[in-house]
2 protein chains.
Amino acid sequence: MNNNPVNTSRIGVVTPSRARFSEPLLLACGRTLSEYELVYETYGELNADRSNAVLICHALSGNHHAAGYHSAEDRKPGWWDECVGPGKPIDTNHFHVVCLNNLGGCHGSTGPASVNPETGQSWGPDFPSLRVRDWVHSQARLADHLGIDCWAAVIGGSLGGMQAMRWALLYPQRLRHCVVIASALKLSAQNIAFNEIARQAIQSDPDFAGGHYLSKGLVPAQGLALARMVGHITYLSDDAMASKFGRDLRSGTLEPGTELGAEFQVQSYLRHQGSRFSNNFDANTYILMTQALDYFDLAREYGNDPVAAFREARCSFLVLSFSTDWRFSPGRSREIVNALIAADRSVTYAEIAADGGHDAFLMPIRRYLDVFSAYMQRVREPH
Amino acid sequence: MNNNPVNTSRIGVVTPSRARFSEPLLLACGRTLSEYELVYETYGELNADRSNAVLICHALSGNHHAAGYHSAEDRKPGWWDECVGPGKPIDTNHFHVVCLNNLGGCHGSTGPASVNPETGQSWGPDFPSLRVRDWVHSQARLADHLGIDCWAAVIGGSLGGMQAMRWALLYPQRLRHCVVIASALKLSAQNIAFNEIARQAIQSDPDFAGGHYLSKGLVPAQGLALARMVGHITYLSDDAMASKFGRDLRSGTLEPGTELGAEFQVQSYLRHQGSRFSNNFDANTYILMTQALDYFDLAREYGNDPVAAFREARCSFLVLSFSTDWRFSPGRSREIVNALIAADRSVTYAEIAADGGHDAFLMPIRRYLDVFSAYMQRVREPH
């Protein structure tokens, strides 16, 4: 490990790696993937006894590029660069960080846009339906591949937090800490409803072509953009949108006497976000990921008792929530915490006052970074 | 007035009326409607001195059919039947109630689906853009037509409440009471964003055809359904959806080992609501109404000072909000109340504990009906 302060400034340029798995993977749906690839990045050095590895699980629209840059000219860092790097909560001066693109993803790992070896065509909508547990099993194989027997911590926000919790139940001996940020034991009806709208928006775009858009040279761009807009609004808080946009106009006027409609800043911002996303994300992957979210129910097979579920776990937990997050509200995190306490597990909980809504888990909020760093300091300590 | 208790049971069958206006109406956008029709219903008898008339202003997807039935076989009463009728808050044993389909609507009043007399074709997207004040002016003409100089009360929920407030500023001598339910001085950025998604959903449906779907024999059904789903979710509270649907399945299973996806009750419910709406509502009207909502800003022309705005008013106010309404939250109603107090106007305010979200204003919630009835009792008293 290098504690040289010269090294504490940034991760710099990173290059993704690729692992190929040829041992068939039996999925929760009953189907089997005969072979698959996972794309991942690592930051920081693995120590001699391989005890400092941390797994980051990504959320709905995430990927393996959590931190650093892909080239010297790259101006946009990885999606969790605020929390991953030298001197940051997941401190790459001390941890060896692994982040992968989940199976079914669209950033290099095997997914609906990949070629189905049995047909020679892209999978499209025929790619197997995935559950959170399938991701966990595939991540365990990646750990085997990397020679990591036990993670110092498995960490995730939102859908990533669901993977972290599932890790604690499926592989209790393979993680020492579990960090669950802005997540839930299962989605509420409202959350399922928002995901349903996103899927409907995609599926009703004629260019979706029943999921076979790739083979027809189409992109359901309007549907994807709409889906993203729904997500984007609901991941922000009302307050965050008010302070970011208010009722500022981008064009037109609200003065009487003009037929020219006014356009609010928030409208053009949303359209921009939607359109950017539709150029970078695969529609079938989006549907697959939202279904994994909807179907996740940590305690279902434990008699719907999260306390019984968490009795399987052997690790310690950090649970974090954000005051204005209304898709994964603090109440949902408290359900996790209460079940952990009742199951007699070690748990630290903090509700962070933040006006960023669900997206706050990606933001550099002082108290969030401090609590997260303090806990990760504990993860580093000899065990 | 008939106080016979035999009469207190129901409104029964009602027949809409139609008023034709041939005096041109100058609109806020600068254009003029040379002629137009308004469809309306009335319930209860107008008294001898014409002092018991009440105007109900409808919201985004409402119409003139607020109460009663359209035939003996009709099983679905008007949209506000819980609050309008004998013995109900707006008691038709005492009030003469008028409710119209707003200009630009799609239930009989002149709107985008009507024929433009200058072209002989339906207006479609060329129908003039409307503001809340245009509705108020057209409603004032309807009052003239009906011989009503002064309303006992102008009443509305949501977008209807915006019309009621605008009435109080534009025609201060023509109403004695103003009832504003689950409304706001102006929309927040979040609200505008949800409306923008609804419009995008409609406009990106290929069958929208730039708004000219009628002349092409098309209906943008998918887009309208999506727009309605967005509205529907956001008008309900998380709690209301949880108690109505939870995570109940309609089909399929969450058990591992099956490829058959599960469908949650909330998904099929949403699709049903969306599809029903798309058969009954005009897409151009939906766009027009959401724009009127977005553009409404009660105090804009009063130096953005709602206190200065309300100094124009001469009537008394009842303001009501619902605890779980997150699209028009109690905080927005308190802004109205605080401005009214600062302007030295008479105001009664109640926040109703209810888990129905924004749609609570349509529901038979005991305390809501009681507060509303008690205030309307005061409206009836000799002045």
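**A guided reading of the predicted two-chain model**

Helices (H or I, at least four residues) and strands (E, at least two) are DSSP runs, numbered from the N terminus. This is a predicted model, in which local features need pLDDT of at least 70 and side-chain atom pairs count only at pLDDT 80 or more, while totals for chains, interfaces and linings use all residues. Residues are numbered from 1 along each chain as its sequence is written, chains are lettered from A and ligands numbered from 1 in the order in which they are written, and side-chain values use heavy atoms, with hydrogens and water left out.

H4(A) is mostly covered, with 13 of its 15 residues buried. Here buried means under 20% relative accessible area, exposed means over 50%, and partly exposed lies in between (1.4 Å probe, protein chains only). Ser278(A), which lies in helix H6 (residues 265-278) of chain A, counts as buried at 7% relative accessibility. Leaving aside neighbours within four places in sequence, Ser278(A) is in contact (heavy atoms within 4.5 Å) with Val219(A), Ala221(A), Leu224(A) and Ala225(A).

The next element to consider is the sheet of chain A. Its 8 strands form an open sheet in the order E1-E4-E8-E5-E9-E10-E13-E14, with mixed pairing. Two strands are said to pair if DSSP finds at least two bridges between them. Strand E1 (17-21) and strand E14 (347-352) of chain A are the edge strands, each pairing on one side only. From one strand to the next, the twist averages 20°; axes are lines fitted to C-alpha atoms, for helices over the stretch in contact, and angles run from 0 to 180 degrees between N-to-C directions. Strand E13 (residues 316-322) of chain A runs parallel to E14(A) and is joined to it by 6 bridges. Within this pair, Phe322(A) stands opposite Ile352(A) in E14(A). Helix H1 (residues 132-146) of chain A packs on the sheet, touching E1, strand E4 (36-43), strand E5 (53-57) and strand E8 (96-100) of chain A, and its direction makes about 60° with that of E4(A). Helix H10 (residues 366-380) of chain A also packs on the sheet, where it touches E5, strand E9 (153-157), strand E10 (177-181), E13 and E14 of chain A; its direction makes about 165° with that of E14(A).

In soluble globular proteins, nonpolar side chains tend to be buried together. The largest nonpolar core of this model has 266 residues, and those with the most contacts inside it are Trp80(A), Tyr368(A), Trp80(B) and Tyr368(B). Such a core is a set of buried Ala, Val, Leu, Ile, Met, Phe, Trp, Tyr and Cys residues joined through side-chain atoms within 4.5 Å. Not counting residues up to four places away in sequence, the residues that Trp80(A) touches include Ile56(A), Ile155(A), Ile181(A), Tyr368(A) and Phe372(A).

In chain B, the buried residues of helix H10 are Tyr368(B), Leu369(B), Val371(B), Phe372(B), Tyr375(B), Met376(B) and Val379(B). These residues cover an arc of only 165° around the axis (taken from the directions from the helix axis to the C-beta atoms), which puts them on the same side of H10(B). Among the elements that cover them are strand E5 (53-57), strand E9 (153-157) and strand E13 (316-322) of chain B.

E13(B) is mostly covered, as 7 of its 7 residues are buried. Ser316(B), Leu318(B), Leu320(B) and Phe322(B) point one way from the strand, and Phe317(B), Val319(B) and Ser321(B) point the other way. E13(B) pairs in the parallel sense with E10(B) over 5 bridges, and with E14(B), also in the parallel sense, over 6 bridges. Ile181(B) stands opposite Leu320(B) in E13(B), while the bridge partner of Phe322(B) in E14(B) is Ile352(B).

Finally, two backbone details of chain B deserve attention. Most residues other than glycine have a negative phi, and most peptide bonds are trans. Ser158(B), although not a glycine, has a positive phi of about 60°; its place is in the loop between E9 and H2 of chain B, and Ser158(B) is buried, with a relative accessible area of 6%. Ala209(B) likewise has a positive phi, of about 50°, but counts as partly exposed at 22% relative accessibility.
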